[in-house]
Amino acid sequence: MMRHGCTCRHCRDAFRRDTGWTIPLNELDAAWNDRLSPLRRRWQDWRRKTTANWYVELRRRVKDLNPSLAISIYTTPDGFTSPLPRRNASIDQIELRRALNYFGTEMMTRSAMRTGRNLLPHARAKNILSGPDLPPVWTWYYNVDYPNNYFAWGLSMLAGQTPLL
């Protein structure tokens, strides 16, 4: 697998069929390696959509085997709030929401109290993936002591999310 994701014959053919664009055979091609080139953007958009479609199909097939099975995935806030990681990510969180029961995020802080001012808006931004008919987003906090865990729990409550401490 190349650093751009799977570029097997099946994926190349599907990309060409769906978009009319062709992935160069030369992996050193400038248009293929430039993250801002129209080809690369088209590939990333296509890849995110087809990845989400794969999860939707997985959910459909598994539902017949086990209707109570829940599917969940989580990402860091950077993939949601920063344009560069979002542009290079292999999944689109909003597209992927179609297939999931629960959506989560992780807050990679060792001190929730020191970074609380930044954490709350990041956590609230994830709430776009929730709603009245959807379960709340869960947040996984990495903390090292009780005061930070308690503070992280409070941030989750303020953001309307379920904390995993």
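Which pattern does the chain follow when read along the sequence? In this predicted model, the order of elements is α-α-α-β-α-α-α-β-α-β-α-β. Eight helices and four strands are assigned to the chain.

Pairing of the strands was examined next. Strand β2, spanning residues 102–107, runs parallel to strand β3, which comprises residues 138–141, and four bridges join the two. Within this pairing, threonine 105 has threonine 139 of β3 as its bridge partner. Strand β3 also pairs with strand β4 (residues 162–164), again in the parallel sense, through three bridges. Here tryptophan 140 is placed opposite leucine 164 of β4.

Of its 165 residues, 38% are buried. Among contacts in the chain with a separation of 6 or more, 68% are accounted for by residues 24 or more positions apart. The chain exposes about 10,100 Å², and carbon and sulfur atoms supply 57% of this area.

Methods:
Residues numbered from 1 in each chain as written. Predicted model: local features only at pLDDT ≥ 70, side-chain atom pairs only at ≥ 80, totals over all residues. Heavy atoms only, no water. Pairing = 2+ DSSP bridges. Buried < 20%, exposed > 50% of the residue type's maximum accessible area, 1.4 Å probe, protein only. Contact = heavy atoms within 4.5 Å. Areas by Shrake-Rupley, 256 points an atom, 1.4 Å probe, with all protein chains shown as cover.
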